[in-house]
Amino acid sequence: GLIMEDGETVTLPDGRVRNRRQIFYDALALAYRNGYVYSCIALCLADGDTITLPDGREMTARQLLVEAVSRSPFGLPRVALAISLQPSEIVALEDGRTVESK
């Protein structure tokens with residue numbers, strides 16, 4: 001998914017044709033506890049775009065990144081969220097922790 005160009009598709013062995021966003025969506029359905037997958041979907045969304053998750057929630061890229069950090073508090077999810085913040089912006093996570101830009 002990360003090495004695909006915008007608009008590029010691949011044909012899976014079962015015959016389905018998928019773009020980068022669809023591949024990560026499929027991964028989310030299989031690994032919904034993995035914060036890395038939420039981060040990857042967030043990075044595929046255009047500004048102002050949303051995605052409806054398999055559980056019915058509709059999320060923006062920012063919401064996906066916050067969800068990613070709540071599931072995988074270190075590594076890519078946290079870095080991706082921190083990079084997305086404006087200078088001096090702070091985001092509160094559900095468990096009370098915060099992530100801030102530096």
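One caution at the start. The model is predicted.

Let me start with helix packing. Two packed helices are described by the angle between their axes and the distance between the axes. I will give both for each pair.

First pair: helix 2 and helix 3. Helix 2 covers residues 35-44, and helix 3 covers residues 61-71. Their axes are 7 Å apart, at an angle of about 165 degrees. So helix 2 runs roughly antiparallel to helix 3, because angles over 145 degrees count that way. The crossing of helix 2 past helix 3 is left-handed.

Who makes the contact? On the helix 2 side, the residues are Gly35, Tyr38, Ser39, Ile41 and Ala42. On the helix 3 side, they are Ala61, Leu64, Leu65, Glu67, Ala68 and Arg71. Sort this contact between helix 2 and helix 3 by class, and you get seven nonpolar, two polar and two charged residues.

By class, the contact of helix 1 with helix 2 has nine nonpolar and two charged residues, with no polar ones.

Now the core. In soluble globular proteins, nonpolar side chains tend to be buried together. The largest nonpolar core in this model has 23 residues. Which of them touch the most other members? Ile41, Leu53, Leu64 and Leu81. Helix 1, helix 2, helix 3 and helix 4 each supply at least two residues of this core. For reference, helix 1 is 20-30 and helix 4 is 76-84. Helix 2 gives the most to this core, with six residues.

Take leucine 53 from that group. Leave out residues up to four places away in sequence, and leucine 53 touches Tyr25, Leu28, Tyr38, Met59 and Leu64.

Back to helix 3. Its buried residues are Leu64, Leu65, Val66, Glu67, Ala68 and Val69. Note the glutamate in that list. What covers the buried residues of helix 3? The cover includes helix 2 and helix 4. It also includes strand 3 (50-52), strand 4 (58-60), strand 5 (90-92) and strand 6 (98-100).

Serine 39 sits in helix 2. Is serine 39 buried or exposed? Buried, with a relative accessible area of 0%. Not counting residues up to four places away in sequence, serine 39 touches Leu65, Ala68, Leu76 and Pro77.

Alanine 42 is also found in helix 2. At 6% relative accessibility, alanine 42 counts as buried, because the cut-off is under 20%. Setting aside neighbours within four places in sequence, alanine 42 contacts Ala61, Leu64 and Leu65.

Tyrosine 36 is partly exposed, with a relative accessible area of 37%. The C-alpha atoms of tyrosine 36 and serine 70 are separated by 11 Å, and the two are 34 residues apart along the chain.

On to helix 4, where we find alanine 82. With a relative accessible area of 26%, alanine 82 is partly exposed. Val99, Glu100 and Ser101 are in contact with alanine 82, leaving aside neighbours within four places in sequence. For alanine 82 and glutamate 100, the C-alpha to C-alpha distance is 6.2 Å, and they are 18 residues apart in sequence.

Last, a backbone point. Most residues other than glycine have a negative phi. Serine 88 has a positive phi of about 70 degrees, although it is not a glycine. Where is serine 88? In the loop between helix 4 and strand 5. Serine 88 is exposed, with a relative accessible area of 68%.

That is the tour.

Notes. Residues are numbered from 1 along each chain as its sequence is written. This is a predicted model: local features need pLDDT of at least 70, side-chain atom pairs count only at pLDDT 80 or more; totals for chains, interfaces and linings use all residues. Side-chain values use heavy atoms; hydrogens and water are left out. Axes are lines fitted to C-alpha atoms, for helices over the stretch in contact, and angles run from 0 to 180 degrees between N-to-C directions. Helices (H or I, at least four residues) and strands (E, at least two) are DSSP runs, numbered from the N terminus. Angles under 35 degrees count as roughly parallel, over 145 as roughly antiparallel, 65 to 115 as roughly perpendicular and the rest as oblique. A crossing is left-handed if the near helix is turned anticlockwise from the far one by less than a right angle, and right-handed if clockwise. Contact means heavy atoms within 4.5 Å. Ala, Val, Leu, Ile, Met, Phe, Trp, Tyr, Cys and Pro count as nonpolar, Asp, Glu, Lys and Arg as charged, and the others, Gly among them, as polar. A nonpolar core is a set of buried Ala, Val, Leu, Ile, Met, Phe, Trp, Tyr and Cys residues joined through side-chain atoms within 4.5 Å. Buried means under 20% relative accessible area, exposed over 50%, partly exposed in between (1.4 Å probe, protein chains only).
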